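Please walk through this model one chain pair at a time. Keep the sequence and the coordinates open side by side.

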Amino acid sequence: MPDQLLYAIEAGLNGLMAGVLYALVALGFVLIFKASGIFNYAQGVLALFAALTLVGFQNGQIPFAHLINAIFGTDLHTFGWQLPAIVAIVLAAGVMVILSIIIERYVLKHLVNQAPIILFMATIGLAYFLEGLGDIMWGADIKKLDVGLPQGINETIDTVTYNAFGYGFFIDNLDIVASVVAALLVISLTIFSQYSKQGRALRAVADDHQAALSVGISLRFIWVLVWSIAGFVALVAGIMWGSKSGVQFSLSLIALKALPVLMLGGFTSIPGAIVGGLIIGMGEKLFEFFVGPMIGGATENWFAYVLALLFLVFRPQGLFGEKIIERV
Amino acid sequence: MFYREAGDFKTSYADDSQTFPIRFDRLRYYAVMAVAFGVIPFFINDYWANAVFVPFLIYAIAALGLNILTGYCGQVSLGTGGFMAVGAYAVYKLMTAFPDVSILIHVLLAGGITAMVGVLFGLPSLRIKGFYLAVATLAAQFFLVWLFNKVPWFYNYSASGQISAPERTILGQAVTGANTTAPAKYLFCLIILVALAWLARNLTRGTVGRKWMAIRDMDIAAEIIGVNPLTTKLSAFAISSFYIGVAGALFFAVYLGAAEVGEAFGIQKSFLILFMIIIGGLGSIFGSFAGAAFMVLMPVLLKNLLVGQLGWATDLAAHLELMIVGALIVIFLIAEPHGMAQLWRLAKEKLRLWPFPH
Amino acid sequence: MKKTMTAIALAMAVATPAMADLVVPNLSYRTGPYAPNGIPYADGFNDYFTLLNERDGGIGGELVRVPECETAYNTEKGVECYESTKGDGALVFNPLSTGITYQLIPKVTADGITLYTPGYGRTSAANGKIFEWVFNYPANYWDGASVAVKHLLDENGGDLSGKKIALVYHNSAYGKEPIRTLQELSAKHGFELVEIPVDHPGQEQKSQWLQIRRDKPDYVLMWGWGVMNAVAIQEAVNIRYPMDHFIGVWWSGSENDVIPAGEGANGYKAIGFHGTGADYPVYGDLKQYVYDAGKAAGDGSNPGNVLYSRGMYAAMIISEAIRKGQEIAGHSAVNAAEVREGFENLNLTQERLTELGLPGFAQPIEATCADHGGPGSAMIFQWDAAASTWNQASDWITADSEVLDPLIAEDSAAFAAENNIAERCN
């Protein structure tokens with residue numbers, strides 16, 4: 001095979017892997033949008049907050065240490081213990097559940113029946129708040145996140161492809177893990193929503209709020225549930241991204257990579273988020289590979305949006321979105 | 001008592017259709033104008049101009065523009081930052097290419113160029129609606145920023161890609177560049193803002209504005225009663241982009257003096273301006289002002305309070321500031337989802353009845 | 001509305017404290033995407049001045065006040081900070097942001113306040129004939145690019161022809177700075193330059209590093225900032241790029257950047273224009289007067305690391321310039337113009353550095369009216385992951401002024417023409 005083709009395949013494969021990571025973030029958006037019609041901009045910040053909390057627990061940091069020191073003149077930093085990763089993950093997931101209860105009680109409950117743009121703005125306000133809270137709780141410095149995920153080139157794929165084509169493909173182990181985790185997550189979410197009582201209630205709410213209410217489904221419980229799940233998904237996304245770059249503010253900007261995925265896949269479809277992620281991931285990597293060098297590179301940020309825009313012109317509700325029916 | 005229609009007799013049609021039919025409103029409007037033009041310029045110093053007034057005036061222009069598109073015509077846009085960048089780079093190219101032409105003309109031309117770009121990126125709005133459109137406008141945001149960063153022609157091949165505004169004068173007074181006095185900056189932005197606000201007010205009261213609102217309320221129904229969605233939506237995009245382009249031009253030339261596209265006109269700017277109009281009130285001219293004032297003054301006030309007054313560490317203060325601004329936004333949306341303009345309307349209703357509410 | 005206005009006016013009136021003697025504002029950023037880099041720098045800057053105040057009673061008997069203002073690496077907040085601290089009688093600004101620097105250059109020139117930008121900002125400000133109020137010694141971006149190339153020349157026996165060098169850069173004003181110099185150098189030395197931009201914030205760089213893996217450049221240079229550094233080093237480790245062929249500029253060479261990549265980052269090189277580590281005698285005083293007295297700016301984790309040292313370096317130069325200004329003016333309560341004189345006549349020798357408790361920390365500087373750029377030399381440091389230290393990997397390397405001087409002259413002439421500035425110092 002010619003080199004150029006091999007390189008393109010490699011770029012495409014890596015794009016698929018990156019797409020899985022985008023899809024992980026997009027998944028959180030879709031869950032919340034389906035259940036409550038809220039376009040949750042805070043999803044990226046949730047991922048940051050979850051990752052910060054995880055690292056904080058792992059390293060035994062004292063929350064709000066900086067604030068406490070500033071007020072009382074103390075000199076507190078850590079509890080002086082190291083928690084095993086799995087315990088810290090469970091604790092962080094617990095914090096996300098508590099957070100979603102708080103969000104439901106103090107924000108969402110009061111915003112029932114508002115216009116979508118108002119809800120969207122409220123989540124941006126929430127994003128600001130959580131950003132500040134995360135920094136105050138755990139500090140704004142960069143933190144290393146290590147929960148024992150493998151990183152670096154996958155030797156097997158490298159050798160096998162080298163023997164087969166004379167060029168070893170680069171696939172990151174972390175990406176492989178992320179793909180497996182994402183697949184597991186989607187499968188378990190599907191099983192949950194198809195077969196469990198709560199999951200069915202969730203789908204009922206997504207279909208029709210009022211009908212769901214009238215058969216006795218508690219909307220508030222569903223919202224807490226769905227935000228908790230979204231919080232957990234954010235935690236997973238935070239772990240994947242944080243392992244790569246350390247945990248710091250920029251982590252919250254991954255939300256911007258998830259938006260074109262959502263647009264393309266449709267705001268209401270879980271398979272859409274996955275397929276959209278794959279298309280966007282592969283599309284932007286291949287575009288950067290073929291066209292990037294000609295026009296100066298760094299095209300990925302906008303190309304994802306333009307690609308999604310092109311799809312939308314032909315399917316205004318996204319690939320898998322529900323058909324928008326308008327009546328006068 | 002003094003705020004009511006009764007007793008304020010109109011004797012001509014022109015009187016009857018004036019912008020402020022209530023006498024008290026008119027007087028208040030004249031008073032604000034008098035303070036803005038007659039008092040503030042004499043007291044303004046560098047700090048007040050650069051930290052408070054100039055950004056407020058410029059953001060008010062941008063908010064007016066976005067309010068036309070989102071508040072009046074119902075098309076949610078997140079491309080504001082990108083369009084402001086178009087205005088900024090257009091004015092930079094014009095300023096450096098034709099140094100002898102008045103800066104005022106350059107600013108208006110920059111608005112015109114932005115309007116054309118806006119129409120181009122407004123085309124998808126004929127197919128795409130709601131949040132899908134909002135995200136689609138992000139394509140404009142990211143693409144424009146990338147373009148200005150990448151093509152050296154836009155920044156006159158300078159080593160770093162920064163653009164800096166050279167000094168330009170109006171009537172012998174510098175309005176751009178470092179030697180601009182605070183009152184000159186302030187007045188230049190104020191005059192443009194007042195002219196544009198006057199234009200926006202009258203546009204939205206007329207045929208064009210009514211068409212926009214018809215499209216906003218229900219585009220299919222509007223189409224059936226004879227509103228052409230193509231021209232209506234695109235005219236909203238054009239006029240809105242004109243405002244935003246002017247704001248971008250002033251933002252770069254008068255306020256910042258030097259800019260880098262990714263930093264000054266990034267996605268954060270788009271969100272900020274959308275905030276302004278939502279907090280201020282969608283579909284309200286007053287709301288654009290109120291929202292801009294809130295988002296500009298709030299952080300400055302908080303900073304001065306926390307760092308200056310209470311002597312807190314700057315980082316704690318900055319984090320707290322984020323939390324407070326976030327919380328205020330949420331509280332605001334819960335308490336009054338229709339924004340400050342709605343509060344204003346309620347206050348006026350109360351005033352009508354005051355002091356005999358029954 | 002009126003009430004809020006009065007409240008604001010009141011808050012601002014009270015917020016402006018009485019004039020202190022020497023005011024050196026610290027425009028820092030402890031929040032936002034670049035906070036991990038901004039925090040140690042600001043801490044080092046503050047701690048050094050605290051030391052001077054506590055140990056010596058300030059500079060020349062005048063206490064130094066360092067009002068801090070949060071910019072979040074954002075130009076608008078930078079303007080607000082500049083205006084709010086300017087009124088206090090600020091003597092010199094050091095914003096640690098290329099964007100804010102570009103914006104402040106015309107402002108400080110009009111207001112007559114010195115802008116000191118060590119190792120960042122506008123490179124051509126090295127030309128004092130045009131930029132009266134701006135100083136960027138000891139080294140600038142173009143020096144950095146030239147030093148890196150010279151180091152590679154040394155490693156290759158003076159010949160780089162036919163080699164391929166990739167530049168991975170932050171796609172912003174800062175990252176684009178070295179490109180022109182590197183292009184000139186590539187013409188001069190015959191190496192091929194590949195430019196690879198990374199967009200802010202640089203969380204995702206797979207495409208860029210796949211390209212490097214395919215193209216196999218002999219060396220990779222990096223102009224990164226913030227999270228981009230850490231991700232780039234991690235990706236380089238992932239594709240098993242030889243770390244000692246990977247050189248970062250001084251803003252891409254802090255502990256924050258290499259530690260997340262762990263063992264793999266061992267051997268990564270970075271340029272530096274000052275020493276690092278907490279072994280200098282000054283740290284004894286810092287411990288006694290600042291850390292143990294509970295007056296340290298940060299949480300105590302930063303002293304000795306690269307960016308902390310750099311903040312301290314900036315503070316040291318500023319304090320020496322103020323001292324020089326006091327000497328020239330003949331009184332200790334100097335104003336901004338007198339401090340500028342101090343900057344312009346600064347003569348920092350190794351003996352003086354030793355006196356300050358920083359022997360060998362930096363190269364000597366002798367500024368003149370025309371030369372605001374300093375010696376332009378730097379060293380190469382190499383990261384030792386096991387010991388978590390930066391080791392010196394070369395001597396001082398001086399930039400290739402033959403290539404740089406015409407570039408600086410050209411760029412500053414363009415600025416002068418745009419702004420109608422006449423040459424000074426003739």
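Begin with residues 316-335 of chain B: the span is 100% helix and 0% strand, and its end C-alpha atoms lie 28 Å apart. Helices (H or I, at least four residues) and strands (E, at least two) are DSSP runs, numbered from the N terminus. This is a predicted model, in which local features need pLDDT of at least 70, side-chain atom pairs count only at pLDDT 80 or more, and totals for chains, interfaces and linings use all residues. Residues are numbered from 1 along each chain as its sequence is written, while chains are lettered from A and ligands numbered from 1 in the order in which they are written.

The span 316-335 is one of those that UniProt, in an unreviewed entry, marks as "transmembrane region" in chain B. The others in that record are 27-44, 50-69, 76-95, 101-123, 130-148, 236-259 and 271-296. UniProt positions are given in the numbering used here, feature names are shortened, and annotations may be inferred rather than shown by experiment. Residues 236-259 of chain B are 88% helix and 8% strand. Their end C-alpha atoms lie 28 Å apart.

Now look at where chain B meets chain A. Here 39 residues of chain B are in contact with 43 residues of chain A. Two residues are in contact if their C-beta atoms, placed from the backbone, lie within 7 Å. On the chain B side, α6 (130-150), α9 (219-224), α12 (267-280) and α14 (314-335) give two or more residues each. The largest share, 13 residues, comes from α14(B). By class, this side of chain B has 33 nonpolar, two polar and four charged residues. Ala, Val, Leu, Ile, Met, Phe, Trp, Tyr, Cys and Pro count as nonpolar, Asp, Glu, Lys and Arg as charged, and the others, Gly among them, as polar.

Stay in chain B for a helix pair. Two packed helices are described by the angle between their axes and the distance between the axes. The axes of α7 (residues 182-205) and α10 (residues 229-256) of chain B come within 12 Å and cross at roughly 175°. That makes α7(B) roughly antiparallel to α10(B). Axes are lines fitted to C-alpha atoms, for helices over the stretch in contact, and angles run from 0 to 180 degrees between N-to-C directions. Angles under 35 degrees count as roughly parallel, over 145 as roughly antiparallel, 65 to 115 as roughly perpendicular and the rest as oblique. From α7(B), Lys185(B), Phe188(B), Cys189(B), Ile192(B), Leu196(B) and Leu203(B) meet Ile239(B), Tyr243(B), Val246(B), Leu250(B) and Val254(B) in α10(B). The contact has ten nonpolar residues, no polar and one charged.

Cross to chain A. The axes of α11(A) and α14(A) come within 9 Å and cross at roughly 15°. That makes α11(A) roughly parallel to α14(A). Pro260(A), Met263(A) and Leu264(A) of α11(A) make the contact with Ala304(A), Tyr305(A), Leu307(A), Ala308(A), Phe311(A) and Leu312(A) of α14(A). By class, the residues are nine nonpolar, no polar and no charged.

Phe267(A) sits in the loop between α11 (255-265) and α12 of chain A. Is Phe267(A) buried or exposed? Phe267(A) is buried, because 25 other C-beta atoms lie within 10 Å. A residue is buried if 20 or more other C-beta atoms lie within 10 Å of its own, exposed if 12 or fewer, and partly exposed in between, with C-beta atoms placed from the backbone. Beyond its neighbours within four places in sequence, Phe267(A) is in contact with Val30(A), Phe33(A), Leu262(A), Gly318(A), Gly321(A) and Phe131(B).

Chain A also meets chain C, with 33 residues of chain A in contact with 33 of chain C. The largest share of the chain A side, five residues, comes from α1(A). That side divides into 13 nonpolar, ten polar and ten charged residues.

Finish in chain C, with its backbone. Most residues other than glycine have a negative phi, and most peptide bonds are trans. A cis peptide bond joins Tyr137(C) and Pro138(C), with omega about 15°. Another cis bond joins His200(C) and Pro201(C), with omega about 0°. Ala72(C) has a positive phi of about 55°. Ala72(C) counts as buried, with 23 C-beta neighbours inside 10 Å. Ser388(C) also has a positive phi, near 55°, but is exposed, with 11 other C-beta atoms within 10 Å.
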